[in-house]
Amino acid sequence: MTVDDTTNPQHGVVGERRGTVLLDARGITKRFGEILANDTVSLTLRAGEIHALLGENGAGKSTLVKILYGALDPNAGDLVWQGQTVTIASPAEARALGIGMVFQHFSLFEALTVAENIALALPPDQSFRALSERIRQVSRDYGLTLDPTAIVADLSVGVRQRIEIVRCLLQEPKLIIMDEPTSVLTPQEADQLFVTLERLALEGCAILYISHRLEEVQRICHHATIMRHGKVVMECDPTKETAGSLARLMVGSAVHDLKRGVVPREGDVRLALKDLSAEAEGPFSVAIENVNLNVRAGEVVAIAGIAGNGQSELFELVSGERLSSSADAVTIGAVPMGRAGITKRRRAGAAFVPEERLGHGAVPGLKLSENLLLTRHSTGDGLVQGGFLKRDRAGALEQRIKTNFDVRMSHDDPEARALSGGNLQKFVIGRELDRQPDVLVVNQPTWGVDAGAAALIRQELIDLSRNGAAVLVISQDLDEIFEIADRIAVISRGKLSEAIPAQKLTRERVGLLMAGLDEDSGGAGDAA
Amino acid sequence: MGAFESILLTVITAATPLLLAAIGELVVERSGVLNLGVEGMMIVGAVMGFAGAQATGSPYLGAVFALVSGMGMALLFGFLTLHLVANQVATGLALTLLGLGLSGMIGEAFVGQPGIRLTGIEIPVLSDLPLVGRLLFGQDVLVYLSLALVAGVSYVLFRTRAGLIIRAVGDNHSSAHALGVSVLKVRYLAVLFGGACAGLAGGYLSLVYTPQWVEGMTAGRGWIALALVVFATWRPLRVLAGAYLFGAVGILQFHAQAHGVAIPSQFMSALPYVATIAVLVIISRNRILTRVNTPACLGRPFVPDR
């Protein structure tokens with residue numbers, strides 16, 4: 001797609017915003033109990049503009065978006081749509097006005113086909129066959145390949161997002177709201193999405209783009225509104241700002257660059273995977289094939305890869321949630337642990353943080369101190385004596401983690417589900433870091449966590465390694481990987497590449513490895 | 001009339017109440033609600049069907065009584081679980097206990113009274129055909145209704161938008177809500193439909209199967225219907241096959257005993273449950289089957305945030 005500079009609003013005059021006003025939200029206020037989630041928020045969206053909505057977790061972005069999409073009622077404030085004051089009482093009304101939304105956590109029905117999923121969001125005035133044809137046509141026009149008859153449960157995350165987008169496009173919206181659309185995509189898939197978004201903007205569609213990734217906001221957005229603690233603190237042209245200044249506006253204080261420190265030369269191997277293999281457990285699981293990896297004391301090794309390439313399976317094998325066929329496959333310290341359960345591995349000095357914090361990393365309905373007991377009952381913290389829980393000690397530890405890792409909570413020792421995503425992530429990582437483990441394995445350490453909290457978590461991971469621990473990070477976020485990793489390996493279809501020093505790698509090379517297209521395979525030149 | 005034909009006739013009679021109750025519960029579960037009170041709704045339907053026929057003199061009006069009383073029980077279940085968000089399993093079990101007690105109380109006066117039988121409709125000429133005549137064209141109206149319901153439910157669930165919405169609500173109620181579907185309304189309607197079917201199934205017992213009122217006359221058929229829905233992996237045509245299979249097993253045990261085959265009757269009565277457990281094991285091994293057919297939100301309460 002070639003675009004003349006004069007017609008591309010991205011290169012427009014400073015401060016001058018193009019396009020007619022489509023939606024004007026004035027003084028929106030929403031209260032949840034004692035918390036003001038939105039405090040007299042105003043936002044103006046224009047046709048043809050990609051408008052970024054920035055803010056930390058809990059800044060009130062999701063609340064605002066839900067109000068615009070009719071999923072929540074504001075306590076006060078007006079919505080003016082194309083010059084008319086409107087009340088948007090339900091998502092159906094929002095869609096009728098021309099507001100479409102692509103959700104962060106996909107709102108798809110897994111048991112239904114692609115076409116059925118899309119049909120549900122559209123008015124019931126066309127035949128199923130005509131709809132399937134329209135789906136094929138729109139997906140062809142926008143380069144979003146989709147098979148209308150496929151069942152969603154069988155599809156990858158990237159394809160699922162395409163369904164959401166096509167579903168949105170078929171409603172011929174004037175405004176599309178996108179909540180963290182790239183968090184699950186590879187760099188290449190994200191590039192494809194940006195092309196689609198830019199084309200939509202050129203066609204006059206307004207896009208409200210929510211993201212934590214400042215780099216991509218600078219790349220594609222024409223205007224940005226920044227929220228903090230439920231209020232709009234600033235509007236700006238993101239192309240005129242630096243990532244650092246945007247982050248500062250979001251967090252309200254400077255986000256420090258990470259202190260990398262020095263890798264101690266040739267530390268002992270603390271975690272060794274040797275010919276680790278496991279069969280797939282079902283049609284949605286990935287087989288792990290001959291994974292070899294050594295993680296030494298003092299270093300951070302990262303495993304990059306697109307979701308669903310065997311990360312969770314590998315994590316389960318390393319943590320002991322699933323046993324390997326031979327004891328030698330996983331060595332922790334100097335002890336073969338491939339046949340040992342998770343508690344034995346923890347006792348040997350290892351700690352594990354799974355990807356899903358709510359439901360896997362923590363039990364939603366249990367208090368934080370009780371969740372703490374779940375991973376540390378037998379790691380020598382004296383939390384259990386003679387089979388009885390020492391709740392006071394657990395409480396004291398919980399307080400320590402809360403202070404050291406800046407876990408914010410509205411009252412003392414709440415249930416895990418009461419914490420926001422970022423705060424809970426700080427807690428589940430803090431719970432393990434607090435032990436000062438010799439080996440830490442963490443899957444997606446900062447998924448869906450805001451910039452401030454992510455920086456804190458990343459710094460803690462580096463510090464832990466520099467104090468002599470072996471740290472293995474599994475992540476899909478390339479920014480994160482390049483920020484913290486000393487060596488990088490890439491997982492693709494259950495196979496792990498060699499771990500290569502980070503300085504010797506470029507993002508493009510890792511991106512290609514993630515897509516399973518290394519130079520060695522001979523296809524890289526064409527694919528790039 | 002040959003022995004074989006008479007066996008088939010009794011199989012149809014045994015299968016129809018299972019089919020009616022199960023096809024209703026299938027719709028309920030497809031919408032994401034687990035109503036374990038089928039047995040309770042059935043037994044209330046049985047006693048009210050009997051009472052209705054006694055009061056009006058018409059077995060057809062009796063069937064209407066049965067249907068409406070089943071819906072009444074379902075409405076209570078819906079109010080408790082959908083409106084007040086009570087636990088569905090506990091409420092369903094309580095509904096069964098309530099139904100058993102309530103029906104015993106209402107039915108006290110009817111014990112030992114002769115009932116009014118809902119007879120088969122004899123379609124002229126066709127029902128006189130040899131072999132298949134009585135079998136296919138001489139059944140009562142509820143048998144035809146049960147078969148029509150299977151076809152109707154199958155068509156609506158998989159070929160219409162209403163069915164798509166029911167399946168969507170059962171698969172992911174939060175997403176359905178976000179799309180502007182009224183989750184509670186869909187579930188209320190499904191629960192009421194299930195209650196109507198269960199009530200009718202009960203009415204079939206006291207108006208056709210054994211036209212009289214006996215306390216506890218459902219004898220666990222509600223539970224078999226529940227098991228059937230799982231056995232059929234939530235597919236209407238498999239419910240039909242399963243109902244006739246389970247019905248046949250029930251009838252065969254009488255004939256087996258009559259012919260001196262030494263299979264303990266307890267074993268035969270337990271067979272539907274054993275078969276259901278076997279099917280459960282098989283489908284949980286096959287995750288595609290489970291994922292595509294099992295309503296993912298089954299039994300999960302829905303509370304919209306607003």
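View 1. The model is predicted, and local features need pLDDT of at least 70 and side-chain atom pairs pLDDT 80 or more, whereas totals for chains, interfaces and linings use all residues. Residues are numbered from 1 along each chain as its sequence is written, while chains are lettered from A and ligands numbered from 1 in the order in which they are written. His229(A) sits in the loop that joins strand 9 (223–228) to strand 10 (231–236) of chain A; strands (E, at least two residues) and helices (H or I, at least four) are DSSP runs numbered from the N terminus. Its phi is near 50°, a positive value in a residue other than glycine. Most residues other than glycine have a negative phi.

**View 2. Helix 10 of chain B and the residues that follow.** Helix 10 of chain B is mostly covered, since nine of its 11 residues are buried, among them Arg221(B), Ile224(B), Leu228(B) and Phe231(B). The cover over these buried residues includes helix 1 (3–30), helix 2 (38–56), helix 9, helix 11 and helix 12 (265–285) of chain B. After helix 10 of chain B comes Thr233(B), with a positive phi near 45°. Trp234(B), in the loop between helix 10 (221–231) and helix 11 (236–258) of chain B, also has a positive phi, about 60°, although it is not a glycine. Trp234(B) is buried, with 24 other C-beta atoms within 10 Å.

**View 3. The largest nonpolar core.** A nonpolar core is a set of buried Ala, Val, Leu, Ile, Met, Phe, Trp, Tyr and Cys residues joined through C-beta atoms within 7 Å. Of the 230 residues in the largest such core, Ile207(A), Ala22(B), Leu228(B) and Val239(B) touch the most other members. Helix 9 (residues 183–209) of chain B gives the largest share of this core, 15 residues. Domain 1 (21–97 + 214–254) and domain 2 (270–527) of chain A both contribute residues, so the core lies between them; the domain bounds come from an automatic or database domain assignment.

**View 4. Helix 7 against helix 9 in chain B.** Helix 7 (residues 161–171) of chain B packs on helix 9 of chain B at an angle of about 110°, with the axes 10 Å apart; the axes are lines fitted to C-alpha atoms over the stretch in contact, and angles run from 0 to 180 degrees between N-to-C directions. The two helices are therefore roughly perpendicular, the word for angles of 65 to 115 degrees, as against under 35 for roughly parallel, over 145 for roughly antiparallel and oblique for the rest. Ile165(B), Ile166(B) and Val169(B) of helix 7 meet Val183(B), Val186(B), Arg187(B) and Ala190(B) of helix 9. By class, this contact has six nonpolar, no polar and one charged residues, with Ala, Val, Leu, Ile, Met, Phe, Trp, Tyr, Cys and Pro taken as nonpolar, Asp, Glu, Lys and Arg as charged, and the others, Gly among them, as polar.

Definitions and conventions
A residue is buried if 20 or more other C-beta atoms lie within 10 Å of its own, exposed if 12 or fewer, and partly exposed in between; C-beta atoms are placed from the backbone. Two residues are in contact if their C-beta atoms, placed from the backbone, lie within 7 Å.
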